[in-house]
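User: I am new to reading protein models. Could you help me see how the words used for them follow from the values?

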Amino acid sequence: QVQLVESGGGLVQPGGSLRLSCAASGSIFSINVMGWYRQAPGKERELVAAITSGISTNYADSLKGRFTISGDNAKNTVYLQMNSLKPEDTAVYYCRIVTALGYDYWGQGTQVTVSS
């Protein structure tokens, strides 16, 4: 049984910052990809950022320069630093991991609301 526990979401004013964390626990052999996705009301879930093998990163083009993903494979934890937040960043943010054996797991989501 694998569990992903997300934390760090909340309410922030425009221009502010938040740092999301996602810790994976359970029977994980090794993690290949760790990522963050988000889903705003009425919209499809979209990729925010992902990190592969703890080294290679990719971001949604619109978020480059504001968001930074990092991972700690030893702790099975992935982080998302979000700066210069905008109201349009408001969404539920989901953590996802894909293990080296190809198993795919999602967190329960954490709400991020950017509003004055």
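**From values to words**

Analyst: Let us start with Gln111, which is in contact with Gly9, Gly10, Thr90, Ala91 and Val92, once neighbours within four places in sequence are set aside. Please keep in mind that this is a predicted model.

User: Where in the fold is Gln111 placed?

Analyst: Gln111 belongs to strand 11, residues 110–114. The C-alpha atom of Gln111 is separated by 6.2 Å from that of Tyr93, although the two residues are 18 apart along the chain.

User: Why is Gln111 called partly exposed?

Analyst: Its relative accessible area is 38%. Buried would need a value under 20%, and exposed one over 50%.

User: How do you know whether Asp89 is buried or exposed?

Analyst: Asp89 has a relative accessibility of 1%. Because buried means under 20%, Asp89 counts as buried. Asp89 lies in the loop between strand 8 (77–82) and strand 9 (91–99). Not counting residues up to four places away in sequence, Asp89 touches Arg38, Leu63, Arg66, Phe67, Ser84, Val112 and Val114.

User: Which charged ends sit over the rings of Tyr79 and Tyr94, and how do you know?

Analyst: Over Tyr79 it is the charged end of Arg19, 4.1 Å from the ring centre. Over Tyr94 it is the charged end of Arg45, 3.7 Å from the centre. The distance must be within 6 Å, and the charge must also lie within 35 degrees of the ring normal.

User: What makes strand 1 and strand 3 a pair?

Analyst: Pairing takes at least two bridges, and 6 bridges join strand 1 to strand 3 (residues 18–26). These two strands run antiparallel. Within this pair, Gln3 stands opposite Ser25 in strand 3.

User: And why are strand 1 and strand 7 called edge strands?

Analyst: Picture the open sheet first: 4 strands in the order 1-3-8-7, with antiparallel pairing. Strand 1 (2–7) and strand 7 (67–72) each pair on one side only, and they are the edge strands. From one strand to the next, the twist averages 15 degrees.

How values were computed. Residues are numbered from 1 along each chain as its sequence is written. This is a predicted model: local features need pLDDT of at least 70, side-chain atom pairs count only at pLDDT 80 or more; totals for chains, interfaces and linings use all residues. Side-chain values use heavy atoms; hydrogens and water are left out. Buried means under 20% relative accessible area, exposed over 50%, partly exposed in between (1.4 Å probe, protein chains only). Contact means heavy atoms within 4.5 Å. Axes are lines fitted to C-alpha atoms, for helices over the stretch in contact, and angles run from 0 to 180 degrees between N-to-C directions.
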